[in-house]
Amino acid sequence: QVQVWQSGSGLGQSGGSLRLSCTVTRSVFSVDTMGWYRSALGKQREFVASMDSDGSTNYADSVKGRFTLSRDSAKNTMDLQMDRLRPEDSAFYYCNMHVRTAEGEDEREYWGQGTQVIVPS
């Protein structure tokens with residue numbers, strides 16, 4: 001059973017930094033797009049950032065220039081470096097990975113367990 005596991009501290013300060021990590025818990029054939037989404041209290045889940053297997057990245061306008069995504073494709077891990085945090089960054093953050101468990105298998109989407117990020121005002 002493939003699982004996506006998140007780690008990292010969720011308590012930050014305004015103007016400070018936090019780092020979240022995400023990994024696939026067992027060996028798989030490939031991971032294509034890796035990304036992060038977040039869900040603030042009372043709001044729908046929104047896209048934060050993603051990186052394709054070729055290294056191309058996309059960021060939400062709200063985090064562009066402050067958040068940086070990196071991945072180690074050999075280890076199927078991904079980090080989200082969050083700098084210059086703002087109170088409005090407070091949300092539950094979810095890792096998202098598009099995984100192909102074996103050659104010839106269809107790609108499936110997996111979600112991490114979620115990490116609450118709190119940035120007090």
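Six salt bridges are present in this predicted structure. A salt bridge here means a side-chain nitrogen of Lys or Arg within 4 Å of a carboxyl oxygen of Asp or Glu. Side chains of opposite charge can pair when their charged atoms come close.

The model is predicted, so local features need pLDDT of at least 70, side-chain atom pairs count only at pLDDT 80 or more, and totals for chains, interfaces and linings use all residues. Residues are numbered from 1 along each chain as its sequence is written, and side-chain values use heavy atoms, with hydrogens and water left out.

Start with Arg 66 and Asp 89. Their side chains form a salt bridge, with N and O 2.8 Å apart. Arg 66 sits in the loop between strand 5 (57–59) and strand 6 (67–72). Asp 89 sits in the loop between strand 7 (77–82) and strand 8 (91–100). The pair therefore ties together parts that are 23 residues apart in sequence. Strands (E, at least two residues) are DSSP runs, numbered from the N terminus.

Are these two residues buried or exposed? Arg 66 is buried, at 4% relative accessible area. Asp 89 is buried too, at 0%. Buried means under 20% relative accessible area, exposed over 50%, and partly exposed in between (1.4 Å probe, protein chains only). Arg 66 and Asp 89 also belong to a network of salt bridges with Arg 38 and Glu 46.

Now turn to Lys 64. Lys 64 pairs with Asp 61, and their closest N and O atoms are 3.2 Å apart. Asp 61 is exposed, at 67%.

Glu 107 is partly exposed at 33%, and Arg 100 is partly exposed at 26%.

How values were computed. Helix = DSSP H or I, 4+ residues; strand = E, 2+ residues; numbered from the N terminus.
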